[in-house]
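Please prepare a briefing on the structure shown below, with its main points grouped by topic.

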Amino acid sequence: MDRWRRPGLARGVLGGVAGFAVGALPIVAAAQLGADIKPGHGLALGYIGAQVGWLLGLGALRFWTAWALGRAADPVDQAAAHGRAGDWTRYFRFTTDHKVIGLQYLITSFVLFLTAGLLAMVLRLELAQPGRLMDGDTYNTVMSTHGIVMIVVALIAIVGGLGNYFVPLMIGARDMAFPKVNALSYWLLPPALLLIVANPLLGGFDTGWTAYPPLSQQANLGQQAFILTFITLGVSSIISAVNFLVTVARMRAPGMSLTRMPIFVWALTVTTSIVLVATSVVAAGMTMLLFDRLLGTAFFRPSAGGDPILFQHLFWFYSHPAVYVMAVPAFGAVLEVVPVFARKPLFAYRLAVLSFIGIGVLSFMVWAHHMFVSGMADYFHIPIMITTELISVPTGIVFLSALGTIWLGRIRFATPMLWVFGFLWNFVIGGITGVFLADVPTDLALSDTYFVVAHFHYTIVGGMVYGLFAGTYYWFPKITGRLMDERLGRAHFWWFTLAFNATFLPMFWLGLQGMRRRVADYPADLADVNLWTSVASSTIALSTLVFLVNAIRSWARGPKASANPWRAHTLEWQVASPPPVENFEHLPTVTAGPYEYGVSASGPVIRPGGATGH
Amino acid sequence: MATLGHAVDTAAERRMLLLGVRLFILSEVMLFGAFFTAYFVLRAQAPAWPPLPDLERPELPLVGFNTLLLLSSSVTMQWAVTRIGRGDAAGFKRGLLATLMLGTVFLAIQGYEFASNGFGISDGVFGSTFYTLTSFHGAHVLGGLLLMGVLANRARLGLVTREHHTAVEGVSYYWHFVDVVWVVLFLTVYVL
Ligand SMILES: [Cu+2]
């Protein structure tokens, strides 16, 4: 049984189980001896032990432990960790190649997307008719799990997936600044994701992804699974953000000045800056919540001087900026696609970059618009309303940058571009309805109704997921070396777009009628529209199967893609499809901006510093 | 491109690692910022501090002494960095060991203080904020000591040299940060 002797998945799982036992057993023993101990203590320590055992078994820490012990780095092992072309096993082990890690993130995200999508189907089944199919706790658990899993997808799919894969390529680097940290940030996730998906076994949780106390202090172990997952995700995204920022700051190819950086790289730079600053605040909030549950602290317990509103502040101080962690990468992907298919330079590139930065800064000043009905201090309402509405200025500029590029362009209506148009349509609806939630008087009426549900699905699905699909269809040939089927791509787009709009547009109306979100039942006179919504939503799920079939079929036996099938100017298209393991044989020298379509000589204006895999 | 584990620290790798450490410290600033925010919000809402009359705040002299210990450990750490920058491996080891010792004594005194305090973590918001802040800081001190233990081990094997000591600089940044957090913590939680 050779596989147990080498670091890898099998040993990782074994290590995880052993680690859980080591962590949890002392707690069990103490409980046997009559100590005042809850199952939550065992879960917390067991989980920490499981993470450590998992990472050790996986071999994720072996380079650092060797360094700490003063052993010389093993170059053979390092090369093996990087992997060589055509070796499929590197997708299933601790691999440091950013392209492998990007695909690991992408495929994990897609699996989670399908999982949470199925949960949404369960919700719509319950809501198809007034009355109840399942009990309230079950509904709440399904709703909460759908929410947090989709949030995870929205946070990691573009940044972790497309970002990891393409940022080094786009700036002309061979890898990220810290490849092992990069791999670690991915491999921290599986135990956490397993835990959150398994939360129904621990009794589920009914707070939604916001985990407000006091409910979250009283709820059962499933809630704690949520907290542990959330904190792990935070740690993973912080180290990943450090990695991105150092990579962009220090590893750009010669000539790749900041104003020649592709807009997608700029978007991720702003995004990861937000992650770096905001994430530890919510991690602290979740830690306090955990302590309130396990150690008897009183942070959010009013009976002992605590303040539940404080949790909401800490939560939204991260979680509003997190909306931009989801949206800005999608803006970046969209702006990346538009010039290529409009054959024009990106309109107002510098202003768009400044707007990204503006969004990043402003996103820290608006969090309390989620708390207008929470009972927070009154003097906070108007300033927060104003800053929230201010953020539509930079967002609008980004939107205009896309429109200005499309304007009078020679548009190629290929699949990636269709998703851009879908994005623009959805974003107008999501943006305009957001104004009503930013305005205090209208929000007081609309808060906690389906108007909110419709609004954030238009921004997150209509924005982030559309950006993700635009990027995926655009970069698929680069990743796989195969072209996707255009007909299926178009079918996917139109089907998804019609089904998505048919599902969520009526929800605005439901919200205006006062239908409450996060409740399993509703007044009988809303039955027809809810039935319509439920049917429409199930067709969204079916349309995703079209994508799945297209992706698998094209990957297996689609027509071979050339290095640059879209005739794009950015660096990732100047190497072979798929890119060689080392990305660039010789690092390129950049001599012009990335979007000079029709301005200077046609074709790539970036001169590789030598022979590359053209 | 790997930074750790290479035989020589190139200038580019040094710059990358140190930038990474600085950015990481920024996220740590926000972490402690959130705990301090909770502290100030809850304290501002309390009728008195400590809210319950039978709780007593820790005595200052011992903690003041402890503060001096941690401050001087920053000095010895910086001295160690300077020595290795000049190629003085023996001086570096002395500086590092002094820092390790000062940090260990700091933790020991804090443990003693925890044991002799007349209140616990579950004594309302006062105990909650006090022990959460101080033990999160203490955990960071412990983390720093572990890193220094690793450095000491590598120095023993002759692996820390003038050409190869970026990790020492990184740990020193972190240690100074932990020190600054303590000064803020001392001034707000103990003195104010
Ligand atoms: Cu918000």
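A search of the whole structure, which is a predicted model, finds five cavities of 30 Å³ or more, a cavity being a set of points, on a 1 Å grid over the protein atoms alone, where a 1.4 Å probe fits but cannot get out. The largest cavity has a volume of about 170 Å³, where volume is the space filled by probe spheres set on the points, which are joined across faces, edges and corners.

Because the model is predicted, local features need pLDDT of at least 70 and side-chain atom pairs count only at pLDDT 80 or more, while totals for chains, interfaces and linings use all residues. Residues are numbered from 1 along each chain as its sequence is written, chains are lettered from A and ligands numbered from 1 in the order in which they are written, and side-chain values use heavy atoms, with hydrogens and water left out.

**Lining of the largest cavity**
- H11(A) gives the most, with five residues.
- The lining divides into ten nonpolar, five polar and no charged residues, where Ala, Val, Leu, Ile, Met, Phe, Trp, Tyr, Cys and Pro count as nonpolar, Asp, Glu, Lys and Arg as charged, and the others, Gly among them, as polar.

**Copper site**
- The copper ion is coordinated by A:His320 through ND1 and by A:His369 and A:His370 through NE2, at 1.8 to 2.0 Å; donors are N, O and S atoms within 2.8 Å of the metal (3.2 Å for Na, K and Ca), and water is not among the atoms, so sites may look incomplete.
- A:His320 lies in helix H13 (residues 308–342) of chain A and A:His369 in the loop between helix H14 (349–362) and helix H15 (381–390), so the pair ties together parts that are 49 residues apart in sequence.
- A:His320 counts as buried at 6% relative accessibility, as does A:His369 at 11%, buried meaning under 20% relative accessible area (1.4 Å probe, protein chains only).

**Interface of chains A and B**
- In contact (heavy atoms within 4.5 Å) are 38 residues of chain A and 37 residues of chain B.

Methods. Helix = DSSP H or I, 4+ residues; strand = E, 2+ residues; numbered from the N terminus. Buried < 20%, exposed > 50% of the residue type's maximum accessible area, 1.4 Å probe, protein only. 1 Å grid on protein atoms, 1.4 Å probe; cavity = no way out; pocket = protein on both sides within 12 Å on 5 of 7 lines; lining within 4 Å.
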